[in-house]
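Dear colleague,

Please find below the structure that I am handing over to you. My findings follow after it.

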Amino acid sequence: AALDVPDWLTTDFLKSCLESDEEICKSIEIVSHSIEHAVSPGNNYGSNMYRVKVRYKTLSNEYSLPLIIKSPLTQSGSFDASGELSREVCTIEQRYYSEFINKTYSLMKHSIVPKHYTSPNPGCVVLEDLKVLGYVMTDRHKLLDFDHCQLYIKASAKLHALSMVLYEKQPEIFEIALKRSQKAAECSKSLTKSMLLGSFRCMAAYVEDKPGCEKYFNILKEVNENDLLYKIFDKVNQS
């Protein structure tokens, strides 16, 4: 797919991001940068993802730094035709790193999430590129193996534990900085319902002709027709 580079992704933007890092000198010069798609078509639908390789220099040395930059879509389908939900999600994600994750470091030193840089564009998320550390994107058809699922569960458990402690100490981070608008919440709910019901229908279709699965097919068919599984999900999500 052709690369459509946004107007705001400039040398000045990158300079501001890098200078937000306490480990980088506050007076740098961007020597060059290159931009490419971070993922292949079909692997991402909720945002624009760019891989940016930056060369910069200080008074004494020159460095190379790869970044992943995530920005909202201008249009993202029938549920979010104007791109409003995508913009709000990216804005909240940026706050998630700058306000929530930054606070967790005071509780425990960790590397659960990638290093982030403060973006002058509030709707963009700027992260270190984990590819250079040896991480690879899993094939979305093959999914994760058991060992990597275990790693995810352990990291996720640490993050949830940190969030519980932080909520007790500073609940305003969750109640204000990470709160969604009513319109975005309703749009997200409609999208989630559509995805869940679609998944359940696919599950029912898969087991329909499988020997010994007749009772499971009948259960899935019934709960799909009356939205029972989604109602259970929605009730649990509210608690």
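The notes below cover the domains, the sheet and a pair of helices.

This is a predicted model, in which local features need pLDDT of at least 70 and side-chain atom pairs count only at pLDDT 80 or more, while totals for chains, interfaces and linings use all residues. Residues are numbered from 1 along each chain as its sequence is written, and side-chain values use heavy atoms, with hydrogens and water left out.

The protein chain is divided into domain 1 (11-179) and domain 2 (185-237); these bounds come from an automatic or database domain assignment. Their C-alpha centres lie 32 Å apart.

Helices (H or I, at least four residues) and strands (E, at least two) are DSSP runs, numbered from the N terminus. Five strands form an open sheet in the order β1-β2-β3-β5-β4, with antiparallel pairing; two strands pair if DSSP finds at least two bridges between them. The edge strands are β1 (29-37) and β4 (116-117), each pairing on one side only. β4 pairs with β5 (residues 125-128) over 2 bridges, and Tyr117 has Val126 in β5 as its bridge partner.

The axes of helix α5 (residues 182-207) and helix α6 (residues 214-225) come within 9 Å and cross at roughly 155°. Axes are lines fitted to C-alpha atoms, for helices over the stretch in contact, and angles run from 0 to 180 degrees between N-to-C directions. The two helices are therefore roughly antiparallel (angles under 35 degrees count as roughly parallel, over 145 as roughly antiparallel, 65 to 115 as roughly perpendicular and the rest as oblique).

With kind regards
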